[in-house]
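Welcome! Here is a short briefing to read alongside the structure.

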Amino acid sequence: MKETLQIGVVGTGGIATDFVNALGGSKRCRVVNVSGVTPELARSFADRWNIPAAAASLDDLLADKSVELVYIGAPHPFHEQLTLAAIAAGKHVLCEKPLALDAAASARVMEAARKKGVFLMEAYMYRCHPLMKELITRLKEGIIGQIRHVRADFAFRVPRDPEGRLFAKSLGGGGILDVGGYVVSFSRLIAGIVEGLPFAEPTKIMANGVIGPTGADEITTALLTFKSGFTAAVTAAVFHDAGTQTVVFGEAGRIVLPDPWIPSSKRQSLETSYIVYRDGHDPETVNIKTDMATYAIEAETVANTLPAIEPIWPAMSWADSLGNMRVLDAWQAALRQG
């Protein structure tokens, strides 16, 4: 465990802003440098958030000896290149999802981290939130009996912009790469509980949906089947607001999570909840409060893990991240073949 962790941020966009804002609530993790597309953007971002240094380039940030961990908040087509550069510089890495554009690229990044002996985590921040530990515990206790099915949605609507990262194929556009990893990783986590494992892989994947005029998947649903008989229906969208609700169905009831991905639909929220519906019982609403926003909890998870080079479950291990990317690859293939 590291008592303090000094972080360099790559990126000055919305998700980097949310990350830095959240870290204001951490006493252990501190942002000490930032790099952007231009030195001017980095300087402006540093001034806004009282960050001590603004790097003129990525190389300058990686040369900063005070930076122990690099947080990569740039668009995902650049994740592989940026992560490999940080690893080569001997820095620990927390990279926004997806770690790369496909499983093969993700495996290359993991192998580089393994050889260099540095920490690497794909930043599915919801896996670090106490909500997940609470849910896992109650499911293992049999709160809704034998687990049979998950319905997980992460779908929103933004204006179609052919040149924007959500719709341009050259920028990795589409719902599967942007938010599909959330619903797949959750389903694989629950499937793992059924099978007595940290996570499980589907044995069958079917998909349908709409591929928009830019070639990006705008809404798509996949049905995942696992060897235990457990199934999951997962939906991802960038042009259709199908919501963020997730439901775990069991023999004796269901658990409804209104928004497990971003607690209370607010990135800086310190409170979230879920609802348990059980046969013969009144609905039970469970509130979970935290002292820090989700991104700060995620950063402290990294600090708690070091000097180990892989995250602590239920945060996503390298094998978990690689399996997740393989499912996303298969989902995209099934959609385009169907």
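Are Phe-186 and Trp-261 buried or exposed? Phe-186 is buried, and Trp-261 is too, where buried means under 20% relative accessible area, exposed over 50% and partly exposed in between (1.4 Å probe, protein chains only). This is a predicted model, in which local features need pLDDT of at least 70 and side-chain atom pairs count only at pLDDT 80 or more, while totals for chains, interfaces and linings use all residues. Residues are numbered from 1 along each chain as its sequence is written, and side-chain values use heavy atoms, leaving out hydrogens and water.

**Aromatic pairs**

- The whole structure holds 13 aromatic pairs; rings of Phe, Tyr and Trp (its six-membered ring) pair if their centres lie within 6.5 Å, and planes under 30 degrees apart count as stacked, over 60 as edge-to-face and the rest as tilted.
- Phe-154 and Phe-156 make an edge-to-face pair, 6.5 Å centre to centre with 65° between the planes.
- Phe-154 is buried, at a relative accessible area of 10%, whereas Phe-156 is partly exposed, at 22%.
- Phe-186 and Trp-261 are also edge-to-face, 5.8 Å centre to centre and 90° between the planes.
- Phe-186 belongs to helix H7 and Trp-261 to the loop between strand S13 (253–257) and strand S14 (271–278), so their pair ties together parts that are 75 residues apart in sequence.
- Helices (H or I, at least four residues) and strands (E, at least two) are DSSP runs, numbered from the N terminus.
- Ring pairs link a cluster that includes Tyr-124, Tyr-126 and Tyr-182.

**Charges over rings**

- Arg-157 lies over the face of Phe-239, 4.2 Å from the ring centre; this calls for NZ of Lys or CZ of Arg within 6 Å of the ring centre and within 35 degrees of the ring normal.
- Arg-254 lies over the face of Tyr-277, at 4.0 Å from the ring centre.

**The nonpolar core**

- The largest nonpolar core has 105 residues, and among those touching the most other members are Leu-139, Phe-186 and Trp-331; such a core is a set of buried Ala, Val, Leu, Ile, Met, Phe, Trp, Tyr and Cys residues joined through side-chain atoms within 4.5 Å.
- Helix H7 (residues 175–195) gives this core its largest share, 11 residues.

**The sheet**

- An open sheet of 6 strands runs in the order S3-S2-S1-S4-S5-S6, with parallel pairing; two strands pair if DSSP finds at least two bridges between them.
- Strand S3 (53–54) and strand S6 (120–122) are the edge strands, each pairing on one side only.
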